[in-house]
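Open the model in your viewer and keep the selection tool at hand. Each stop below says what to select and what is there.

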Amino acid sequence: MTDPRTEDRQPPQPGGSLLQNVSNAMVALHKEQFGRGPTHAQSHFAGPDALLCVLQDALLPAERTMVEMGEQQRVRESRMFLQVATADQFIASVETLTGRTVHAFASASDPDRSVVMECFTFEPEHRRDGRPPPASELPRP
């Protein structure tokens, strides 16, 4: 999901519609799992085997109150616990959209900035000789 106020200022990216679909899926999962989704999301390939989705304004009202109380670590811990509990759904969504197998998934949050980062690494795609291809040979989804 993009912010309509800044959508025109976003530079086009390789795999743009795929990346937009990943961002939309992350927003939908956050709404479903946490009751509220971020107001802005943007996904990026980070090399041939990694994907990063940055979610802005992602904290729940109660989490924002906890941050005001100086309880950032409690917000991080509760977010991490919930992400572990729902990791399979996040992984399945990205695998379906990208057609790639997720090797690892991690979620991080910065409560002071109300930012959540969903990070995925993929199993490398191999050549017929079994070696991973150079980044320049990888197809862009």
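**First stop: two helices**

Select H2 and H3: these helices pack at an angle of about 145°, with their axes 7 Å apart. Glu63, Met66 and Val67 of H2 make the contact with Gln72, Arg74, Val75, Ser78 and Arg79 of H3. By class, that contact of H2 with H3 has 3 nonpolar, 2 polar and 3 charged residues. Nonpolar here covers Ala, Val, Leu, Ile, Met, Phe, Trp, Tyr, Cys and Pro; charged covers Asp, Glu, Lys and Arg; the others, Gly among them, count as polar. The axes are lines fitted to C-alpha atoms, for helices over the stretch in contact, and angles run from 0 to 180 degrees between N-to-C directions. Contact means heavy atoms within 4.5 Å.

**Before going on**

This is a predicted model, in which local features need pLDDT of at least 70 and side-chain atom pairs count only at pLDDT 80 or more, while totals for chains, interfaces and linings use all residues. Residues are numbered from 1 along each chain as its sequence is written, and side-chain values use heavy atoms, with hydrogens and water left out.

**The whole chain**

Zoom out. The chain has 3 helices and 4 strands. From the N terminus on, its elements run α-β-β-α-α-β-β. Helices (H or I, at least four residues) and strands (E, at least two) are DSSP runs, numbered from the N terminus.

Of the 141 residues in the chain, 35% are buried. Buried means under 20% relative accessible area, exposed means over 50%, and partly exposed lies in between (1.4 Å probe, protein chains only). Among contacts with a separation of 6 or more, 55% join residues 24 or more positions apart.

**Colour by confidence**

Now colour by pLDDT, the predictor's confidence in each residue, from 0 to 100. The chain averages 84, and 77% of the residues score at least 70. Among the elements, S2 has the highest mean pLDDT (97) and H1 the lowest (92). Select residues 1-14: pLDDT stays under 50 there, and the model has 23 contacts beyond four places in sequence for this stretch. Where pLDDT is low, the predicted coordinates should not be read in detail.

**Into the core**

Which residues touch the most other members of the largest nonpolar core? Select Met26, Leu51, Leu55, Val94 and Phe120, from a core of 21 residues. Helix H1 (16-34), strand S1 (40-45), strand S2 (50-56), helix H3 (72-98), strand S3 (102-110) and strand S4 (115-122) each supply at least two of its residues. The largest share, 7 residues, comes from H1. A nonpolar core is a set of buried Ala, Val, Leu, Ile, Met, Phe, Trp, Tyr and Cys residues joined through side-chain atoms within 4.5 Å. In soluble globular proteins, nonpolar side chains tend to be buried together.

Stay on Phe120. Beyond four places in sequence, its contacts include Met26, Leu51, Phe90, Ile91 and Val94.

Move to Leu55, in strand S2. Is Leu55 buried or exposed? Leu55 is buried, with a relative accessible area of 0%. Not counting residues up to four places away in sequence, Leu55 touches Met26, Val27, His30 and Ser114, among others.

From Leu55, go to Ser114. The C-alpha atoms of this pair are separated by 8.4 Å, though the residues are 59 apart along the chain. Ser114 lies in the loop between S3 and S4. Ser114 is buried, with a relative accessible area of 11%. It has a positive phi of about 55° although it is not a glycine.

Next, select Asp57, in the loop between S2 and helix H2 (61-68). Asp57 also has a positive phi of about 55°, and is not a glycine. Asp57 is partly exposed, at 29% relative accessible area. Its contacts beyond four places in sequence are Arg36, Gly37, Pro38, Thr39, Arg64 and Ser114.

**Last stop**

Finish at Ser23, in helix H1. Ser23 is buried, with a relative accessible area of 2%.
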